[in-house]
Amino acid sequence: MSFQLTILGCNSAVPTLERHPTAQLLNANERFFLIDCGEGTQVRLKEYKLNFQRINHIFISHLHGDHYFGLIGLISSMHLLGRNKDLHIYAHQELKAIIDLQLLASNTELNYPLFFHPIAEADEQVLYEDEKISISNVILNHTIKCSGFIFKEKKSKRKIINEKIEQYKIPFDKYNGIKEGADWIADSGEIIKNNEMTVENSLAHSYAFCTDTIYSEALIKKIKEVDLLYHEATFKKDLAGRAKATGHSTTYEAATIAKKSAVKNLLIGHFSQRYKNLDELLIEAKATFKNTYLAKSGLVVDFDELYS
């Protein structure tokens with residue numbers, strides 16, 4: 001089982017040769033979720049040997065170009081390379097008209113079904129859910145409507161200790177109940193507690209993606225105690241005025257949100273091109289929240305190895 005995040009791009013509006021616009025790929029137990037799709041995303045996927053045909057769900061936070069300009073290229077490449085399985089896109093309604101126009105202008109009829117799921121402008125709700133993960137949106141405070149996303153893995157059933165099952169002669173049709181926490185009554189009438197027959201399975205992971213936004217304490221309860229928070233930190237704290245005016249946050253503000261939310265780890269990104277040495281931003285953030293890391297293109301975060 002795996003829960004890994006790959007950073008494909010970490011810069012703000014203008015890309016540099018080393019830093020690309022926002023895009024991330026989350027592998028949640030071999031379910032692949034693309035989060036934002038800035039210019040050049042499909043090239044980064046190829047560079048890091050990530051098969052984009054395995055992506056079935058794409059989440060776009062908002063319609064500033066550095067967060068979706070790579071989408072039509074990715075959609076087109078999937079088509080040209082023979083994709084035939086469903087692709088689901090979750091974004092604000094206006095993006096559907098943009099995609100439809102781009103496909104119409106190029107006279108492209110996709111080989112595969114493309115489903116568009118509009119994100120409500122004023123509501124926070126579950127966007128996708130299956131037996132292993134739940135994904136919901138969280139409203140951010142930017143210059144246009146913008147949503148972050150919270151990925152919550154569902155807790156795995158407990159793992160049976162085979163020797164105990166044999167010892168107490170528990171029938172197969174009772175296994176599922178025991179995995180879900182049930183005790184067992186032996187033939188002697190003795191109650192065998194569940195924790196004697198099972199052990200905890202892998203931990204359920206959680207990830208909050210909070211891109212372009214001003215400092216907002218409304219986030220605190222919504223992202224509380226997640227394993228990893230990605231929060232934009234476009235500017236250093238000396239440019240707090242500039243950050244607020246452009247709908248962004250500073251290193252200090254991102255770290256403060258992380259601290260007040262009691263998250264386990266903070267990943268900062270969406271850096272202004274003005275900063276050549278990103279360590280300056282990291283030092284500022286770590287002064288407020290120790291477990292802070294820099295988002296860098298190619299970085300892979302394995303949630304089983306995160307510090308807590």
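Before anything else, I wrote down my handedness rule: a crossover is right-handed if, with the strands pointing away from the viewer, the path from the first strand over the helix to the second runs clockwise. Helices (H or I, at least four residues) and strands (E, at least two) are DSSP runs, numbered from the N terminus.

This is a predicted model, where local features need pLDDT of at least 70, side-chain atom pairs count only at pLDDT 80 or more, and totals for chains, interfaces and linings use all residues. Residues are numbered from 1 along each chain as its sequence is written, and side-chain values use heavy atoms, with hydrogens and water left out.

**Sheet**

I found a right-handed β-α-β unit made of strand 5, helix 3 (residues 94-105) and strand 6. Strand 5 (residues 87-91) and strand 6 (residues 114-118) run parallel, joined by five bridges; two strands pair if DSSP finds at least two bridges between them. I noted H117 in strand 6 as the bridge partner of Y90. On strand 4 (residues 55-59), three bridges give a parallel pairing with strand 5, and there F59 has Y90 as its bridge partner.

I then traced the whole sheet: it is open, has seven strands in the order 6-5-4-3-2-1-18, and its pairing is mixed. Which strands stand at the edges? They are strand 6 and strand 18 (300-302), each with a single partner strand, so one side of each lacks a neighbour in the sheet.

**Cores**

I looked up the largest nonpolar core, which has 54 residues; F59 and I268 are among those with the most contacts inside it. Such a core is a set of buried Ala, Val, Leu, Ile, Met, Phe, Trp, Tyr and Cys residues joined through side-chain atoms within 4.5 Å. A second, separate core has 25 residues, including L34 and C37.

**K259**

I placed K259 in helix 8 (residues 251-261). Buried or exposed? K259 is exposed, at a relative accessible area of 54% (buried is under 20%, exposed over 50%, partly exposed in between, with a 1.4 Å probe and protein chains only). K259 touches T288 and F289, leaving aside residues up to four places away in sequence; contact means heavy atoms within 4.5 Å.

**Cysteines**

I counted zero disulfides, a disulfide being a pair of cysteine sulfur atoms within 2.5 Å. C10 is buried at 1% relative accessibility. For C210, the nearest cysteine sulfur is that of C146, 9.2 Å away, and C210 is buried at 0%.
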